Amino acid sequence: MADFVGAVDQGTTSTRFMVFDHDGNEVAKHQLEHAQILPRPGWVEHDPVEIWERTNSVVQNALRHGNLRPEDLAAIGITNQRETSVVWDPRNGRPYYNAIVWQDTRTDSIAAALERSGQGDVIRRKAGLPPATYFSGGKIQWIVENVDGVREAAEQGHAIFGNTDCWVLWNLTGGPDGGVHATDVTNASRTMLMNLETLDWDDELLGFFNIPRAMLPTINPSSHREAFGTTRTSRPLRAAIPITAVLGDQQAATVGQVCYAPGEAKNTYGTGNFLVLNTGTELVRSQHGLLTTVAYQFGDSPAIYALEGSIAVTGSAVQWLRDQMKIISDAAESERLAATVEDNGGIYFVPAFSGLFAPYWRSDARGAIVGLARYNTNGHLARATLEAICYQSRDVVEAMEQDSGVHLDVLKVDGGVTANDLCMQIQADILGVPVSRPVVAETTALGAAYAAGLATGFWRDTDELRTHWQESKRWEPAWSEEQRAEGYAGWKKAVERTLEWVKVE
């Protein structure tokens, strides 16, 4: 009997493969970064071929490092950066263009035109999303309209689309030789093309973007024994292992954080921040700048919905300090540098590199550092960067409480940034509620594994999964209410300075 479940976690900056045992413990992992391609201001791309090569490498290396055989895996789940869009030729697997990343803003004119025409209200009602550069629909339209030959190829069935889950799945299951062209409800709900009520592609929405329906993958439940095929006996696994789950990364983290009941929420700290609140089988329409999305769907059970607050730049702001500003040599140094000062020294950093996402949805915003005096040091900038992560999360928490009426008693957190103890303490201080990190902080891959294992009976049900969750560390708020209010007022003032910085056609 197979003793483990594997998960491919295809993220914004890296791809990893992780293997978990029946208690949800990590037994093997390998991770590789891929290039961030920045051809113009506001444009962010990835090479899909590089992503597939990295996927091959991490699967093989994780198994080797863990002294495991492919046959030791009962199933595999896939989780992914959600809105990053790939269009490729199914005859040979060649992408027509680089993947356009969720952070990319080149489609701002498409989003603005939808808003002006009144079609934005239809998209909100049907898809639960505002017209924004964030989502896949505009990216597909841009590729179809701007890359030579793609429109004609799409009409002939020679150009197909997928977010990176779909691209990895298609390649794992054979690629040009019978690869499965499918996605799940969570990824489909991030396109502006799926109707949240029918859980199917919507012809009216497709018409807004002039996208041929034949380009789109089949939509399946997130976890299903038969839905996603098996790996081929070619690389990377050289064995037929069932792929039984696909979820977008933030929904996978929701599953990994065992947020299975309405009112339970988690916040993932990665390239961006993503706060997800389970609303059960009820579709809650946001009035305060949040997204209505699918949290997950297990087998033939009804879909579970969520409210989500998506923040574009949080952990990637720390990367900016490292790669562009070169004031730190690695992410861990941001904590050491920020700890050299007692506070932000009066400066605020709003990292609106791709505009502002939830709850503002302002593509005309750009990054700003305000309040600078000659007194300020690199330490103050490092601390302001960590505070920016936390203030943006407070913006979303406030909106979520207004929409749902749910007041958070504790914030469950996960993701790479949660290794930064100072940042998590600042988060507790800014929110005024405890912050709790689980033993397994990388819950995105864990959630994909949980969903895959549920489909095969490796785990009995979600009640069993709840017993695996254990707290690793908790941070209690230390600021006074006066400090909290004063700091947040300064943040809101700084956000105002970023607006209307670029003109959106």
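Predicted model: local features only at pLDDT ≥ 70, side-chain atom pairs only at ≥ 80, totals over all residues.

User: Ok, so at what angle do α1 and α6 pack?

Analyst: Helix α1 (residues 48-65) and helix α6 (residues 164-172) pack at about 60°, and their axes are 10 Å apart. That makes α1 oblique to α6.

User: Is the crossing right-handed or left-handed?

Analyst: Right-handed, for α1 passing α6.

User: Which residues in α1 and α6 meet there?

Analyst: From α1 you get Pro48, Val49, Ile51, Trp52 and Thr55, and they meet Trp167, Val168, Asn171 and Leu172 in α6. By class, the residues of this contact of α1 with α6 are 7 nonpolar, 2 polar and no charged.

User: And how many residues of α6 are buried?

Analyst: 9 of the 9, so α6 is largely enclosed by the rest of the structure. Among the buried ones are Asp165, Trp167 and Asn171. Just after α6, Gly174 takes a positive phi of about 130°.

User: New topic. How many residues does the largest nonpolar core have?

Analyst: That core has 105 residues, and Tyr134 and Phe209 are the ones with the most contacts inside it. Its largest share, 12 residues, comes from helix α12 (residues 378-404). There's also a second, separate core of 33 residues, which includes Leu68, Ile78, Ala99 and Trp167.

User: What is Phe209 in contact with?

Analyst: Leaving aside its neighbours within four places in sequence, Phe209 is in contact with Ile110, Leu114, Ile123, Gly137, Gly138, Gln141, Met192 and Leu193.

User: Back to α12. How do its axis and the axis of α13 cross?

Analyst: They cross at roughly 40°, and the axes of α12 and helix α13 (residues 421-431) come within 9 Å. That makes α12 oblique to α13. This crossing of α12 and α13 is right-handed.

User: Which residues of α12 and α13 make the contact?

Analyst: On the α12 side they include Arg383, Leu386, Glu387, Ile389 and Arg394, and on the α13 side they include Leu422, Cys423, Ile426 and Gln427. Sorted by class, the contact of α12 with α13 has 10 nonpolar, 2 polar and 3 charged residues.

User: Why would nonpolar side chains end up buried together?

Analyst: I can only give you the general pattern: in soluble globular proteins, nonpolar side chains tend to be buried together.

Note on methods. Residues numbered from 1 in each chain as written. Heavy atoms only, no water. Core = buried A, V, L, I, M, F, W, Y, C linked by side-chain atoms within 4.5 Å. Buried < 20%, exposed > 50% of the residue type's maximum accessible area, 1.4 Å probe, protein only. Helix = DSSP H or I, 4+ residues; strand = E, 2+ residues; numbered from the N terminus. Contact = heavy atoms within 4.5 Å. Axes fitted to C-alpha atoms, helices over the stretch in contact; angles between N-to-C directions. Parallel < 35°, antiparallel > 145°, perpendicular 65-115°, else oblique. Left-handed = near helix turned anticlockwise from the far one by under 90°. Nonpolar A, V, L, I, M, F, W, Y, C, P; charged D, E, K, R; others polar.
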